[in-house]
Amino acid sequence: MLEGVRVLDFSRVLAGPYCTAMLADLGAEVIKVEPPHGDDQRHMGRMVEGESTNFVLNNRGKHSLRLDLKHEGGRRIAQALAARSDVVVENFKPGVADKLGIGYARLSAATPGLVYCSISGFGQSGPNAGRPAYDVVAQAMSGLMSLTGEPDGAPTLIGESVGDICAGMFASWGVMAALYDRERTGRGRHVDVAMFDALLAMQPTALAQYLFGGPAPARVGNRHPLSSPFGAYAASDGHLVIAAANDKLFQAVADTIGRPELPADPRFRSDGLRSAHDAELREIIEGWSLRRSVAEAVSAMTCAGVPAAPIQDTAQAVDSSQARVRQLTTRAVHPVLGETALVEQPVHFSGVARGRIGTAPMLGQHSDEVLARVLGLGGGDIAALRADGVI
């Protein structure tokens, strides 16, 4: 669907690479420009045969150009490539791209139709714009971490780099919207994405409590802050989740646990009342679930039409028949690791086959090919650039 769209990717580690991997999944040509030492992610995370599995997953389907942007020759090449690209993505701290000669003002002046996406911790404006940020900082300052964990425990990180991931998702969405707008107007846009902004926007439940006159919401543990029964419940051999956010489903829960009279109890007559008396309701439900296995409890609730599920670990989720049918992973051959699994973007489009993505590139694997094909440089020119340390 994005065949013919060229993306010049200066980003590294996670937020930017996640964005451009999603674009590559849909057929965009992504040229990943890496410094001489490579993307930092190549040296982070789980290492197998000297290769970062984090890097392999998040840089699938890209071409690697090893380019020294601190060298004047490197900056000239980057500018020339940008002039032949549809999209530029960078996630430097604000101001760094300008110093490297690849800022929005300079590149868009030369190429008015360029869609230029900047991803940073706090965006290109505001008092925190210049602060360095990693996912943990974004989680901490966005309010999300304050909502995660047990009420009497410490604020807890979510078990994934959601600040990076959400920013990368919004960045890919912003790039697509800007490309669509360019089709109508011929003009490019500067797409400014902040991890802080992305995480704040991902909290509609918490914001609904605060923005309309309520206090800042607090941690409630493994339950929904506004509905009940809605959360995790103990069984004899583990935990399951039950989600009954309306009166009909609550009646089904009550019937399933042998307490059909519960909806008439003054404490439980509405979702709000049930939430206010969650502790009492939890004790009643777990009086039933603790006498059953997770599988038995989930089966009983599901048969009654109540949304319920076991709590799977990552291996169980990835290896499930549901994940296989949905083709969430595919296989590709890596130059060092051999055949490996890759995770493709999750959206299904009619008429678009899945599983055609390629693996991540080795550092500088496509330098010669990109310079020859995109810029028309000959072998002698490329050899001279290599001798000068530009590539």
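Me: How many helices and strands does the chain have?
Reply: This is a predicted model, in which local features need pLDDT of at least 70 and side-chain atom pairs count only at pLDDT 80 or more, while totals for chains, interfaces and linings use all residues. Residues are numbered from 1 along each chain as its sequence is written, and side-chain values use heavy atoms, with hydrogens and water left out. Helices (H or I, at least four residues) and strands (E, at least two) are taken as DSSP runs numbered from the N terminus. Counted in this way, the chain has 17 helices and 13 strands.

Me: What share of the residues in the chain is buried?
Reply: The C-alpha trace spans about 85 × 50 × 40 Å along its principal axes, and the chain exposes about 19,100 Å², of which carbon and sulfur atoms supply 56%; accessible areas come from the Shrake-Rupley method with a 1.4 Å probe, and for residues only the protein chains shown count as cover. A residue is called buried under 20% relative accessible area, exposed over 50%, and partly exposed in between (1.4 Å probe, protein chains only). Of the 391 residues in the chain, the buried share is 46%.

Me: Among contacts with a separation of 6 or more, what percentage joins residues 24 or more positions apart?
Reply: A contact here means heavy atoms within 4.5 Å. Among the contacts in the chain with a separation of 6 or more, the part that comes from residues 24 or more positions apart is 67%.

Me: Which residue forms a side-chain polar contact with Glu29?
Reply: Glu29 belongs to strand S2 (residues 29-34) and is buried, because its relative accessible area is 18%. Leaving aside neighbours within four places in sequence, Glu29 is in contact with Val5, Arg6, Val7, His63, Arg373 and Val374. A polar contact is a pair of N or O atoms within 3.5 Å, where within protein one must be able to donate a hydrogen and the other to accept it, and residues adjacent in sequence count only if both atoms are side-chain atoms. At 2.7 Å, the side chain of Glu29 makes such a contact with that of Arg373.

Me: Why do the buried residues of H16 line one face of the helix, and within what arc do they fall?
Reply: In helix H16 (residues 367-375), the buried residues are Ser367, Val370, Leu371, Val374 and Leu375. They line one face because, seen down the axis of H16, they fall within a limited arc, which is that of the directions from the helix axis to the C-beta atoms. What covers them includes strand S1 (6-9), S2, strand S5 (63-66), helix H3 (72-83) and helix H17 (379-387).

Me: Which residue just after H13 takes a positive phi?
Reply: Helix H13 (residues 294-303) has Val294, Ala297, Val298 and Met301 as buried residues, and these cover an arc of only 95° around the axis, which puts them on the same side of H13. They pack against strand S9 (230-235), strand S10 (238-243), helix H10 (247-256), helix H12 (278-289) and strand S11 (308-310), while the face turned away carries the exposed residues Ala295 and Cys303. Just after H13, the residue with a positive phi, about 85°, is Gly305.

Me: Is Ile311 buried or exposed?
Reply: Ile311 lies in the loop between S11 and helix H14 (314-318). Not counting residues up to four places away in sequence, Ile311 touches Ala232, His239, Leu240, Val241 and Gln316. Because its relative accessibility is 51%, Ile311 counts as exposed.

Me: What is the phi of Val13?
Reply: Val13 is found in the loop between S1 and helix H1 (15-25), and with a relative accessible area of 18% this residue is buried. Although Val13 is a residue other than glycine, its phi is positive, near 70°.

Me: Which backbone oxygen does the side chain of Ser146 reach?
Reply: Ser146 sits in the loop between helix H6 (135-141) and helix H7 (162-185), where its relative accessible area of 32% makes it partly exposed. Leaving aside neighbours within four places in sequence, Ser146 is in contact with Pro155 and Arg219. At 2.6 Å, its side chain reaches the backbone oxygen of Gly143.
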